[in-house]
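Colleague: I would like to learn how to read the contacts between parts of a model, one feature at a time. Could we begin with the boundary inside a chain and then turn to the boundary between chains?

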Amino acid sequence: MRWYWIDRFLEFESGRAAVAVKTVSLSEEHLHDHFPGCPLMPNSLVIEGFAQLGGILVGEHIGFAGNMILAKVPKAEFEFSPQPGDTLTYRAKIEYVKEDGALVAGESHIGDKLHAKVEVFFANVLETDRSRRLFSDAELLAMMKMLGVYRVGRTATGEKLVPPKLGEIPDPARLAGRS
Amino acid sequence: MPDREEIFSTVREILCDALGVDEDEVVPQATLTDDLGAESIDFLDIVFRLEKSFEIKIPRGELFPDNVLSDERFVQDGKITPDGLKELRARMPYADVDKLEANPDIKEMSQVFTVDMICRFIEGKVGVES
């Protein structure tokens, strides 16, 4: 099982921006300990949600060439803590993206209320010994479909985003010349 | 074309955002690692932010020539060789490499990476109004 910290994409514009939602549920076990009798969504999991949203946004843009991993969190400012029943809307955009890294900045709202401002910085570990793929092609595509990327996704020129065929996603080890 | 104060002001803002430091900590002589707490991944972030803010391209290794420091021709037994210092002067005309003359220990390289060094690098890239 993987921990998903976004539930669904509402908008996805390739190479530019995306909107996703996360609904907080009392059935999430960790909320029973954070805190007993007072369930609050941990800020760290909001950051992870932005990392997942940003990682997919950046990864799709570069054709999943390599492994964009969360390398630092330059900014994480929170106004309050969400409770079960809240739906968090994450809006994020790519500030910059290059072969070796990317910065994604975004805001979280609950309704009209600003909840958080987060920046996540990714490094592409293409050229290191850790360059093995974190997901199989099939897992990656299944995840993208499950999160609705191809249901709402648009290319930079506004056409419907089409999923790559299995086998079209480059292998980072091959790209690094080690296979 | 920006003047020196404008360049410093933008660089200060970038370093505050990238490193989470306060404005008053970002003074020209502050070193990125020892004074402002930068780690290796921060250098990549800083380069990207400089590119975006100043609308310039900074090829890998141009501002922070880490490939010089990993070259055994230029670093031996933890010391930067005379050839290494010569290479650094050629590659980093915007930096005060002379301060390494007395103690060329590679660890002292962090003393070269200052806020002022970044400002001088940017001045060389975009020009500066006198």
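Modeller: Between domain 1 of chain B and domain 2 of chain B the count of salt bridges is zero, a salt bridge being a side-chain nitrogen of Lys or Arg within 4 Å of a carboxyl oxygen of Asp or Glu. This is a predicted model, in which local features need pLDDT of at least 70 and side-chain atom pairs count only at pLDDT 80 or more, whereas totals for chains, interfaces and linings use all residues. Residues are numbered from 1 along each chain as its sequence is written, chains are lettered from A in the order in which they are written, and side-chain values use heavy atoms, with hydrogens and water left out.

Colleague: Into which domains is chain B divided?

Modeller: Domain bounds come from an automatic or database domain assignment. Here domain 1 comprises 1-60 + 113-130 and domain 2 comprises 65-112.

Colleague: How many residue pairs are in polar contact between domain 1 of chain B and domain 2 of chain B?

Modeller: A polar contact is a pair of N or O atoms within 3.5 Å; within protein, one must be able to donate a hydrogen and the other to accept it, and residues adjacent in sequence count only if both atoms are side-chain atoms. Between these two domains of chain B there are four such residue pairs, both residues being at pLDDT 80 or more.

Colleague: What geometry does the aromatic pair of Phe64(B) and Phe113(B) have?

Modeller: A pair of aromatic rings is described by the distance of the centres and the angle of the planes. Rings of Phe, Tyr and Trp (its six-membered ring) pair if their centres lie within 6.5 Å, and planes under 30 degrees apart count as stacked, over 60 as edge-to-face and the rest as tilted. Nine aromatic pairs are found over all chains; among them, Phe64(B) and Phe113(B) are edge-to-face, at 5.2 Å centre to centre with 90 degrees between the planes. Because Phe64(B) lies in the loop between helix 2 and helix 3 of chain B, and Phe113(B) in the loop between helix 4 and helix 5, the pair ties together parts that are 49 residues apart in sequence; helices are DSSP runs (H or I, at least four residues), numbered from the N terminus.

Colleague: How many salt bridges cross the interface of chain B and chain A?

Modeller: The rule finds six across that interface, and in one salt bridge the side chains of Lys72(A) and Asp42(B) meet at 2.5 Å, N to O. Helix 2 of chain B gives the most to the side of chain B that touches chain A, with eight residues.

Technical notes: Helices (H or I, at least four residues) and strands (E, at least two) are DSSP runs, numbered from the N terminus.
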